[in-house]
Amino acid sequence: MNASQDLSRVSFIVMREMRRPLMAVLIVYSVAISGMIFIPGPELDGEIQYLSIFHAFYFMTYTATTTGFGEIPFEYSNAQRLWAIICLYISVVTWFYALGSIIRLFQNTFFLRAVEEWRFSKKVNGVTGPFYIVCGFGDTGSVLVRGMNESGLRAIVIDQSEERIQALKLRNYKLAVPGLCANASIPKHLVEAGVESKHCKAVVCITSSEEINFKISSMVRLLNPKAGIITMSKVDDYEESLVTLGGEVHIVDPFKTFARVLNACINNPAFYALNNWLVGDKGASLDKYIHPPVGGWIICGYGRMGLEANRVLAKNGIKTAVIDPHSRRKDEEIDTYIVGHANEKTLNHAGIQEAVGILAADADDGHNLGALLNARRMNPDLFTIVRQNNHENEKVYTAAKADMVMQPTLVTARKILLILIAPLLKPFFRYLLQREPGRAVILKELLILLRDKIGNKKPLLVTIDFTAEKSSAVIDCLKQGEEVLLRHVIADPRNRDVELDLVPFVIKSQGEEIVLPPKDYKILEGDQFLFCGTLSAKHLLKSSINSEYTLYYLRTGSYMPMGYFMQWYKKRQTKKG
Amino acid sequence: MNFEKVIFGFFIVLSLTLNMGFFLGEYNNPAHHSVYELFMVVVVNLVATGLKLGDRSQIGALLLATSLVADFELIAAALHWTYAVHIIGTGMTPDVMANVVALAGGALVANIISVIIFVSETLMSRL
């Protein structure tokens with residue numbers, strides 16, 4: 001519907017713009033042709049020759065376009081030549097006028113936009129499977145779209161910047177990613193991106209403006225009540241309003257996420273190691289635990305990140321000193337608050353010699369690196385956490401070798417990606433972090449299992465839906481009243497006594513979540529599973545839940561007769577037996 | 001061990017080897033090509049096709065298709081032979097022999113493809 005609407009708009013613009021030049025060409029041609037027909041030609045064989053309509057039109061065609069083939073089909077009379085002179089000048093000018101109008105139309109920005117939008121919505125309509133709309137293609141957006149592409153999720157991008165959309169078109173994505181340069185907070189553009197389609201699973205709002213993110217979120221809720229909304233927000237006010245939109249809404253706040261990670265890092269290093277390993281952090285390993293020391297901490301830059309970090313540190317009974325160029329906000333409880341930038345004087349004042357850690361959390365990378373270098377020089381044993389604001393500064397931050405680097409764009413992109421590819425990870429983490437007896441042991445055993453199964457390979461989160469589309473063989477089995485157990489599907493199709501390199505994390509079955517399910521769990525239709533495993537294990541799992549022969553072998557250990565002959569033979573055998 | 005694979009493997013390899021046996025020799029010399037061997041190839045090939053009926057897997061479909069191609073060409077060869085010798089009575093001239101062997105050669109290629117698919121599928125699943 002949208003495509004045809006846009007198409008009619010485009011054709012309307014073409015027709016309106018071309019009306020006048022076309023009329024002009026038409027009039028000049030018809031007058032010129034009539035003249036050529038009626039003016040007597042030369043006398044041949046005693047008869048006066050006239051041009052036919054066809055020949056007159058032919059003559060005008062090559063004259064108006066300045067081709068000039070000469071006098072066809074006979075030498076003209078002088079009267080005809082006089083008329084030809086007049087025709088030539090007028091028709092050539094008219095012709096160029098018409099041509100110029102067409103060219104001007106093709107250069108008209110409004111026309112180009114209309115064509116661009118029409119092409120975009122045609123591409124979106126061509127997407128047959130589920131897709132996700134990503135509003136905003138900055139650092140976060142490009143990391144997110146890359147990750148979605150690798151996991152086989154289809155993304156559609158809207159961004160206001162022409163440059164970014166051009167950059168998007170030049171990337172080598174496995175799945176095509178249509179991009180539109182437009183303001184996503186205008187409903188028309190969201191509709192063009194397919195927000196109303198039943199295939200639109202979620203809209204991700206990660207533009208740089210809080211207000212626009214909020215606006216997009218509310219419009220999406222109105223346009224498609226079923227679509228999920230994932231919004232980046234760093235301000236509490238918006239977060240509260242977002243929650244009340246209703247439906248599936250996820251709010252991603254990079255600083256809150258960081259605070260949770262920092263808290264986990266202090267209290268539960270094993271969980272922190274698992275988290276980092278799962279998101280694929282550089283150099284993360286299940287064996288590498290990071291322990292931020294307990295003692296005095298210095299926070300340089302007291303923005304949103306400093307605030308959240310300070311809260312976490314205070315909650316864990318750690319004393320903090322804050323250095324910030326802005327004056328102190330009254331309602332905060334901070335032991336030492338120094339107004340200024342991080343330099344030798346302020347750092348000394350903050351007690352750098354006795355401190356155990358520094359957190360450079362300024363919104364400016366230069367200040368952060370400066371604070372880091374200054375502090376290191378004065379106290380080389382400091383534990384360092386530094387915020388990286390700009391992706392382009394990657395090299396410098398690698399060279400800085402901080403203990404932890406917090407990059408808000410990366411944190412946001414990873415968090416959103418996990419929400420999209422592994423929605424069950426959240427309840428899983430919640431379970432692991434609950435303060436209940438035995439959880440630490442469970443976590444430790446889980447880490448041993450993961451190390452054993454996946455080791456140094458890249459961990460992959462695999463979400464499997466047991467529906468007729470995604471796992472036909474399992475559903476067929478269930479419909480016939482047969483049981484399919486969890487241990488059947490994760491057995492190796494090459495030898496069912498061996499398990500694939502897959503660790504089941506969570507099962508969501510009829511609204512309930514079963515964390516670390518037992519191996520003899522009976523699969524039900526509509527279940528959603530979250531596994532962690534390797535790429536090859538994922539492929540084998542997907543093939544065995546879709547092939548009835550493999551599944552039969554995994555379930556029973558014997559082979560299902562494939563041909564009619566064998567089926568008949570087996571039936572006879574069982575009858576006899 | 002999968003018993004069905006043993007049976008199917010036996011017939012498919014037998015049909016390939018018999019086909020090869022018939023094909024070998026001077027292509028237009030009737031003394032080099034036995035009519036009984038052609039008869040055996042046709043029968044064994046039909047059995048191999050029959051065994052694949054009913055398989056719903058992708059590989060099964062591919063094996064059935066190649067098997068059907070071999071059947072089609074071998075039956076055409078047998079019909080050509082019968083027509084020349086018994087119906088129009090030209091007898092087994094080198095011309096007719098060449099045609100029959102050419103058709104059997106085509107079936108041979110189809111049989112080779114069948115065996116390659118069968119072996120690679122088995123190796124891949126390592127059952």
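**Group meeting: a walk through a two-chain model**

Hi everyone, let me start in the middle of things: the largest nonpolar core has 85 residues, and those with the most contacts inside it are A:Ile298, A:Ile299, A:Cys300, A:Val474, A:Leu530 and A:Phe531. Where does this core sit? Domain 3 (261-421) and domain 4 (437-556) of chain A both contribute residues, so the core lies between them. Please keep in mind that this is a predicted model.

Let me take one of those residues, A:Val474. If we ignore neighbours within four places in sequence, A:Val474 is in contact with A:Phe466, A:Val484, A:Val489, A:Ile523, A:Ile545 and A:Leu551. As general background, nonpolar side chains in soluble globular proteins tend to be buried together.

Now the domains. Chain A is divided into domain 1 (2-110), domain 2 (128-252), domain 3 (261-421) and domain 4 (437-556). How far apart do the C-alpha centres of domain 3 and domain 4 of chain A lie? The answer is 38 Å. Across that boundary, eight residues of domain 3 of chain A are in contact with nine residues of domain 4 of chain A. Which helix gives the most to the domain 3 side? That is helix α11 (residues 269-278) of chain A, with five residues. By class, this side of domain 3 has seven nonpolar residues, one polar and no charged ones.

Next, the sheet. In chain A, six strands form an open sheet with parallel pairing, in the order β11-β10-β9-β12-β13-β14. At the edges we find β11 (336-339) and β14 (404-406) of chain A, each pairing on one side only. On average, neighbouring strands of the sheet are turned by 15° against each other, ignoring direction. Let's look at one pair: strand β9 (residues 297-300) and strand β10 (residues 320-324) of chain A run parallel and are joined by four bridges. Within this pair, A:Ile299 stands opposite A:Val322 in β10(A), and A:Ile299 is the residue we met among those with the most contacts in the 85-residue core.

Helix α12 (residues 304-315) of chain A touches β9, β10, β12 (357-360) and β13 (383-387) of chain A. The direction of α12 makes about 170° with that of β10(A).

A quick stop at A:Glu239, which is found in helix α9 (residues 236-243) of chain A. Is A:Glu239 buried or partly exposed? A:Glu239 counts as partly exposed, because 17 C-beta neighbours lie inside 10 Å. Beyond four places in sequence, A:Glu239 is in contact with A:Ser233, A:Ile251 and A:Asp253.

Finally, chain B. The secondary structure of chain B comes to four helices and zero strands. The C-alpha trace of chain B spans about 50 × 25 × 20 Å along its principal axes, and buried residues make up 31% of the 127 residues in chain B. For contacts in chain B with a separation of 6 or more, 70% come from residues 24 or more positions apart.

And how do the chains meet? Here, 12 residues of chain A are in contact with 13 residues of chain B. Helix α23 (residues 564-576) gives the most to the chain A side, with four residues. That side of chain A divides into eight nonpolar, three polar and one charged. Thanks, everyone!

Conventions: Residues numbered from 1 in each chain as written. Chains lettered and ligands numbered in written order. Predicted model: local features only at pLDDT ≥ 70, side-chain atom pairs only at ≥ 80, totals over all residues. Pairing = 2+ DSSP bridges. Helix = DSSP H or I, 4+ residues; strand = E, 2+ residues; numbered from the N terminus. Axes fitted to C-alpha atoms, helices over the stretch in contact; angles between N-to-C directions. Contact = placed C-beta atoms within 7 Å. Core = buried A, V, L, I, M, F, W, Y, C linked by C-beta atoms within 7 Å. Buried ≥ 20, exposed ≤ 12 C-beta atoms within 10 Å, placed from the backbone. Domains from an automatic or database assignment. Nonpolar A, V, L, I, M, F, W, Y, C, P; charged D, E, K, R; others polar.
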